[in-house]
Amino acid sequence: MTFDITHTKEKMEKSVDVLKKEFSGLRTGRASVGLVEPVQVDAYGSKVPISQVSNISVPEARLLTVQVWDNSLVPAVENAIRSSNLGLNPMTEGNLIRLPIPDLTEDRRKEIVKLASKYSEESKISVRNSRRDAMDLIKSLEKDKEIAQDQMFDYSELVLIWTDKLILRIEDVYSENEKDIVQVGWIIY
């Protein structure tokens, strides 16, 4: 077994990609399927993405519809949307859930900033977990005499440098989007 920094970098970069995708779902000026994609539903004994139990569409600029495939899951989907902190109020008609997109108030902006902060922190945790896994592997390789102690220090330094770089990138993405959130007519990219 050997250590490859490329694998660690890719895992860490995926955390940033996920963060950007979650931020893209925070568009509240108009409806976007990405808005509800992070919602997890209790279905069949586990948590699954809402897209695995329903079809999400945007019939109007300020309306999302969620067509739940299994009628028994409608209450679970509705509860997941309500508890997602997205500020959406589901209106259910059979197995179709309508989600009108509310106007952006000052309170709603603050909620979205909190949600963006939460997404950012989760991304940082993911990067740190990747760092921990890489450091454990490096120490294990050194302990098993597969790499020299000097290599262990070099690899460790590379992992720490890459971790710091990605944490800074996450903070930059968050701060850029935070500025946009508090302005009128914002859209997160």
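Hi everyone, this short talk goes through the sheet and then a pocket of one structure.

A word on the source: this is a predicted model, where local features need pLDDT of at least 70, side-chain atom pairs count only at pLDDT 80 or more, and totals for chains, interfaces and linings use all residues. Residues are numbered from 1 along each chain as its sequence is written, and side-chain values use heavy atoms, with hydrogens and water left out.

Let's start with the sheet. Four strands make an open sheet, ordered β3-β4-β6-β5, with antiparallel pairing. Strands here are DSSP runs of E with at least two residues, helices are runs of H or I with at least four, and both are numbered from the N terminus. Two strands pair if DSSP finds at least two bridges between them. At the edges sit β3 (54-60) and β5 (91-93), each pairing on one side only. Now look at β4 (residues 63-68) and β6 (residues 96-100): five bridges join them in the antiparallel sense. Which residue of β6 is the bridge partner of Val66? That partner is Ile97. And what holds a sheet's strands together in general? Strands pair through backbone hydrogen bonds, either parallel or antiparallel.

Now the largest pocket. A pocket is an open set of points on a 1 Å grid over the protein atoms alone, where a 1.4 Å probe fits, with protein on both sides within 12 Å along at least five of seven lines; lining residues have an atom within 4 Å of a point. Here 13 residues form the lining, and Pro38, Val39, Gln40, Ser84 and Lys118 lie nearest the centre. Helix α3 (residues 106-143) gives the most to that lining, four residues.
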